[in-house]
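Trainee: I would like to learn how to read loops, helices and sheets in a model. Please take me through this one.

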Amino acid sequence: MSEQMRAVEISKPGGPEVLQLTNRPMPVPGHGQVVIKVAYAGVNRPDALQRAGAYDPPPGASDLPGLECSGEVVAVGPGVDSLARGDMVCALLPGGGYAEYVATPAAHCLPVPQGMGLREAACLPETFFTVWSNVFSRGGLKAGERFLVHGGSSGIGTTAIQLANAFGARVFTTAGSDEKCQACLDLGAERAINYRSEDFVKILRAEGGADLILDMVGGDYIPRNIKALADDGRLVQIAFLQGPVVELNFALMMVRRLTITGSTLRPQSDLAKAQIAQDLLEAVWPLIEAGRIAPVMDSEFDLADAAAAHARMESSGHIGKIVLRVG
């Protein structure tokens with residue numbers, strides 16, 4: 001391994017054009033960490049928020065963007081006995097994925113599923129950790145329940161549809177075009193609602209209300225979500241594309257026994273993320289290896305073209321995941 005590596009850094013807060021190729025020192029694994037030679041890195045909304053100056057990395061994390069990758073373990077730090085050099089993994093990262101090498105806790109790595117390539121494996125960690133922890137652990141989704149996920153054609157949405165369907169829930173989703181709605185139906189959604197021409201509140205109320213809603217839109221969707229929930233329903237908020245501040249009548253929450261919760265993944269403790277990884281390995285990896293669930297791939301860009309990848313993501317024209325080819 002050379003002492004320097006190629007990486008993409010955020011030269012200053014701004015649009016996609018501020019992502020610039022640079023050289024950085026190679027990372028060294030700390031206690032409990034491994035260094036991965038990156039084959040592919042996933043591109044996610046939090047990367048764009050960080051690039052815009054709206055999402056600082058947690059203390060001690062790399063300032064480089066990139067929250068997931070796939071590749072080969074090339075160095076193992078003290079205290080690691082679960083992985084060895086040469087292991088092929090995909091990993092949730094605290095940052096630093098837009099680079100040829102990255103350090104991350106060994107407990108946040110998962111084996112590349114049998115039969116899956118590194119390109120697809122790079123798309124698993126961020127969305128699968130997020131969906132599992134919010135829909136199943138926090139949201140408590142059960143078989144037979146009515147589940148509404150907004151943004152069904154996004155990386156989070158396509159993952160949530162497949163997982164909820166695999167575990168026996170009735171899946172409803174929103175998307176912004178007929179093409180995107182069809183993609184959601186193909187993944188197992190019972191009903192895909194084009195939010196440009198249909199009212200998801202009216203449709204869900206006619207079905208008896210949603211038992212669980214996963215939302216990353218926020219803004220005026222929050223009071224509409226409350227109306228769309230069934231009695232004893234749960235709303236899990238994971239992002240705010242339309243803003244976090246709204247006026248809300250909390251009397252409805254009391255009278256109808258609703259639960260409003262939410263989380264972000266990146267600031268959680270290493271131990272919490274390790275537990276999610278273990279849950280995924282036991283409950284979800286067998287479904288992936290059986291071919292029942294797979295990431296939906298949109299497009300691939302070279303590491304040097306990270307700006308174009310961000311522009312693609314922010315156009316909202318994509319269906320599924322965008323990756324950077326690194327190795």
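**Reading the model**

Mentor: Arg-257 sits in the loop between helix H8 (251–255) and E13. Keep in mind that this is a predicted model.

Trainee: Where does Ala-304 lie?

Mentor: Ala-304 belongs to the loop between strand E14 (297–302) and H11. With a relative accessible area of 43%, Ala-304 is partly exposed. The C-alpha atoms of Ala-304 and Arg-325 are separated by 9.0 Å, and the two residues are 21 residues apart along the chain.

Trainee: Now helices. What span should helix H9 (residues 270–283) have?

Mentor: At 1.5 Å a residue, the 14 residues of H9 should span 20 Å, and the end C-alpha atoms are 20 Å apart, which agrees.

Trainee: Which residues of H9 are buried?

Mentor: Start with the general idea. An α-helix has 3.6 residues a turn, so residues three or four places apart point the same way. In H9 the buried residues are Lys-273, Ala-274, Ile-276, Ala-277 and Leu-280. They cover an arc of only 160° around the axis, which puts them on the same side of H9. Leu-271 and Glu-282 are exposed residues on the face turned away from that buried side.

Trainee: What covers the buried residues of H9?

Mentor: The cover includes strand E5 (88–92), strand E7 (109–111), helix H3 (125–138) and helix H10 (285–289).

Trainee: At what angle do H3 and H9 pack?

Mentor: H3 and H9 pack at about 85°, and their axes are 10 Å apart. That angle makes H3 roughly perpendicular to H9. On the H3 side the contact is made by Phe-128, Phe-129, Trp-132, Ser-133 and Ser-137. On the H9 side it is made by Lys-273, Ile-276, Ala-277, Asp-279, Leu-280 and Ala-283.

Trainee: On to sheets. In what order do the six strands of the open sheet come?

Mentor: The order is E10-E9-E8-E11-E12-E13, with parallel pairing. Strand E10 (191–194) and strand E13 (259–262) stand at the edges with a single partner strand each, so one side of each has no neighbour in the sheet. Neighbouring strands are turned by 20° against each other on average, direction ignored.

Trainee: How many bridges join strand E8 (residues 146–149) to strand E11 (residues 210–215)?

Mentor: Three bridges join these parallel strands. Phe-147 has Leu-212 of E11 as its bridge partner. Helix H7 (residues 221–228) packs on the sheet and touches E11, strand E12 (229–237) and E13. The direction of H7 makes about 150° with that of E12.

Trainee: Is strand E6 (residues 101–105) mostly covered or exposed?

Mentor: In general, side chains of a regular strand alternate between the two faces of the sheet. E6 is mostly covered, with five of its five residues buried. Five bridges join strand E3 (residues 33–43) to E6, and these strands run antiparallel. Ile-36 has Val-102 of E6 as its bridge partner.

Notes
Residues are numbered from 1 along each chain as its sequence is written. This is a predicted model: local features need pLDDT of at least 70, side-chain atom pairs count only at pLDDT 80 or more; totals for chains, interfaces and linings use all residues. Side-chain values use heavy atoms; hydrogens and water are left out. Helices (H or I, at least four residues) and strands (E, at least two) are DSSP runs, numbered from the N terminus. The expected span of a helix is 1.5 Å times one less than its number of residues. Buried means under 20% relative accessible area, exposed over 50%, partly exposed in between (1.4 Å probe, protein chains only). The arc is that of the directions from the helix axis to the C-beta atoms. Contact means heavy atoms within 4.5 Å. Two strands pair if DSSP finds at least two bridges between them. Axes are lines fitted to C-alpha atoms, for helices over the stretch in contact, and angles run from 0 to 180 degrees between N-to-C directions. Angles under 35 degrees count as roughly parallel, over 145 as roughly antiparallel, 65 to 115 as roughly perpendicular and the rest as oblique.
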